[in-house]
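Subject: Structure handover

Hi,

My notes on what turned up in it follow below.

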Amino acid sequence: MMSGGPRISFNAIDSALSSLKNCQSYIDSGMDVATQVALDLVESFNDEEDINNMEKVMLEYAAMDRELNQYIKAFEETINQVKREKPENLPDLENLAQEKFLEMESKNSDSDFESNEKYMYFKDQLKEMKKQYHANDTIEQIDEDIAVTRSQMNFICPITQMTMKRPVRNKVCGHSYEEDAILEMIQTQKQKKKKVRCPKMGCSHVDVKGSDLVPDEALKRVIDSQNKQSWSTMDT
Ligand SMILES: [Zn+2]
């Protein structure tokens, strides 16, 4: 039976929470766009300063993301706490949420961003992209044949032994594979209840998981541009 006393509309709070979670999806897509733009900049050999600005944008997004998560958490904790209280002891919701939020905020540090998946993905892909492009620049001046062999080696999937079309990168060991091939491998081993050893020769990682794989956008761009180059050479 319902008792009398002050009632709180949890529905209103729930809908406020869900609109906060909507904001999250805007931050997510903003971070995706910024990542693509930064990779575009490296690919078109743009100014280093422009690329650094994209990193600043990513950091701002990561800070927004952290703030939003803390708001959501503060509200959720407050609601859970209030639901356990007797109606006569009901605290001021807003104050309580604010208190919790400020406490979380006081513990913020820059190292928090290292747990932001999209920011880390950005850093990782940007590094790869610079490595690929920069490496090709310097090696080509030394020996064009070696350059071709070396870069093409990175393009080959260790499973299919063919040039990758949709490379995914293992966040744990850093190796890349053709998406379909590694997923199939994981599936097959799962049925045998076995772990998947990283198929890259010499790698000691013995537990490849689907959840550790992210699209290797940087590598895909380099492969695509190489493919374009070799097609245009064949035309002439
Ligand atoms: Zn590996």
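Lys118 and Asp32 form a salt bridge, with their closest N and O atoms 2.7 Å apart. By salt bridge I mean a side-chain nitrogen of Lys or Arg within 4 Å of a carboxyl oxygen of Asp or Glu. This pair links distant parts of the chain: Lys118 sits in helix H4 (residues 117–142) and Asp32 in helix H1 (residues 10–43), 86 residues apart. Lys118 is partly exposed at 26% relative accessibility. Asp32 is also partly exposed, at 37%. The cut-offs: buried is under 20% relative accessible area, exposed is over 50%, and partly exposed is in between (1.4 Å probe, protein chains only).

Before the rest, some ground rules. This is a predicted model, where local features need pLDDT of at least 70, side-chain atom pairs count only at pLDDT 80 or more, and totals for chains, interfaces and linings use all residues. Residues are numbered from 1 along each chain as its sequence is written, and side-chain values use heavy atoms, with hydrogens and water left out.

**Other salt bridges**

The structure holds 18 salt bridges. Two further ones deserve a note.

Asp40 and Arg221 meet at 2.6 Å, N to O. Asp40 is partly exposed, with a relative accessible area of 40%. Arg221 is buried, at 10%. Both residues belong to a network of salt bridges that also takes in Glu43 and Glu217.

Arg66 pairs with Asp112, the closest N and O atoms being 2.9 Å apart. Arg66 is in helix H2 and Asp112 in the loop between helix H3 (93–106) and H4, so the pair ties together parts 46 residues apart in sequence. Arg66 is buried, with a relative accessible area of 19%. Asp112 is partly exposed at 26%.

Which side chain of opposite charge is nearest to Asp65? It is Arg66, and that is 8.5 Å away. Asp65 is buried and has no salt bridge. For the charge count, Lys and Arg are positive and Asp and Glu negative; His and the chain ends are not counted.

Asp65 lies in helix H2 (residues 48–84). A polar contact of 2.4 Å joins its side chain to that of Gln24. A polar contact here is a pair of N or O atoms within 3.5 Å; within protein, one must be able to donate a hydrogen and the other to accept it, and residues adjacent in sequence count only if both atoms are side-chain atoms. Leaving out residues up to four places away in sequence, Asp65 touches Gln24, Ile27 and Asn116. Contact means heavy atoms within 4.5 Å.

**The zinc site**

Four residues coordinate the zinc ion at 2.0 to 2.3 Å: Cys173 (SG), His175 (ND1), Cys198 (SG) and Cys203 (SG). Donors are N, O and S atoms within 2.8 Å of the metal (3.2 Å for Na, K and Ca); water is not among the atoms, so sites may look incomplete. The site is tetrahedral, with angles of 103 to 116° among its four donor atoms.

The donor spacing in sequence is C-x1-H-x22-C-x4-C. Cys173 lies in the loop between strand S1 (167–170) and strand S2 (176–178), and Cys198 in the loop between H6 and S3, so the pair ties together parts 25 residues apart in sequence. Cys173 is partly exposed, with a relative accessible area of 23%. Cys198 is buried, at 4%.

His205 touches both Cys173 and Cys198; its contacts also include Asn170, Val172 and Arg197, again not counting residues up to four places away. His205 sits in the loop between helix H6 (179–191) and strand S3 (213–215). His205 is buried, at 16% relative accessible area. A polar atom of its side chain lies 3.1 Å from the backbone oxygen of Asp207.

**Whole chain**

The protein chain has seven helices and three strands. Helices (H or I, at least four residues) and strands (E, at least two) are DSSP runs, numbered from the N terminus. Their order is α-α-α-α-α-β-β-α-β-α. Of the 236 residues, 32% are buried. Among contacts between residues at least 6 apart in sequence, 65% join residues at least 24 apart.

Best wishes

Notes. Tetrahedral: all angles 85-135°; square planar, octahedral: opposite > 155°, others 65-115°.
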